[in-house]
Amino acid sequence: MFNSGQVDAWATWGTFAVPAIANSGAHFLVDGKAVGSDNYAVWAVRTGFADQHPEVVKAFYGYLHENGQKEKADPAAYLNVFTDAGPTAVTPAEKDLAVSVARQRAVDSPITEADITRFGTVAAFFTEQKVTKSTVDVRPYLIDVNSLGGAAK
């Protein structure tokens, strides 16, 4: 649909933008940072599981954080890891753009006070827009990964 000539602009995540831009001559107008986007990716765990297996939660976080840093430093190493030919392979143009986008990615990190404030702003907006009936306070649902048992990362 994007390449049909009937779409003038498109808002999407980098994952979907890369092939469209690399293979159609489209270009970024702005990115999320430029428009003050508060799109977050968060990892969630059931409280009962975290209570019973804190070492697993901490190890999983450590894996995400460490490998996120490695991917940001060397994004090309994380492309075409399963195939370099066929329908799922990344083209050279896609690879160049994907590497550029990945170098700008955020690395999974513990939620900070600044993040909690931003979550509150988004929660208030959701309430104003009647997406939620009341403003959700995320603070009671957060886990401090550094206070969990298990191996330190």
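Phe126 has a relative accessible area of 36% and is therefore partly exposed, a class that lies between buried (under 20% relative accessible area) and exposed (over 50%), as judged with a 1.4 Å probe and protein chains only. The model is a predicted one, in which local features need pLDDT of at least 70 and side-chain atom pairs count only at pLDDT 80 or more, while totals for chains, interfaces and linings use all residues. Residues are numbered from 1 along each chain as its sequence is written, and side-chain values use heavy atoms, with hydrogens and water left out.

A pair of aromatic rings is described by the distance of the centres and the angle of the planes. Across the whole structure, a search finds 2 aromatic pairs, where rings of Phe, Tyr and Trp (its six-membered ring) pair if their centres lie within 6.5 Å, and planes under 30 degrees apart count as stacked, over 60 as edge-to-face and the rest as tilted. Trp43 and Phe60 form an edge-to-face pair, because their ring centres are 5.2 Å apart and their planes stand at 85°. Since Trp43 lies in the loop between helix H1 (14-24) and H2, and Phe60 in helix H3, this pair ties together parts that are 17 residues apart in sequence; helices here are DSSP runs of H or I with at least four residues, numbered from the N terminus. Trp43 counts as exposed at 57% relative accessibility, whereas Phe60, at 40%, is partly exposed. Phe125 and Phe126 form a tilted aromatic pair, with 6.4 Å from centre to centre and 50° between the planes, and Phe125 is partly exposed at 44% relative accessibility.

Helix H3 covers residues 54-73, and its 20 residues reach 29 Å from the first C-alpha to the last, close to the 28 Å expected at 1.5 Å a residue, a span taken as 1.5 Å times one less than the number of residues. Among the buried residues of H3 are Pro54, Val57, Tyr61 and Leu64, and the buried residues of this helix pack against helix H2 (47-52), contact being heavy atoms within 4.5 Å.

The loop between H1 and H2 also holds Val42, which counts as exposed at 55% relative accessibility.

How values were computed. Helices (H or I, at least four residues) and strands (E, at least two) are DSSP runs, numbered from the N terminus.
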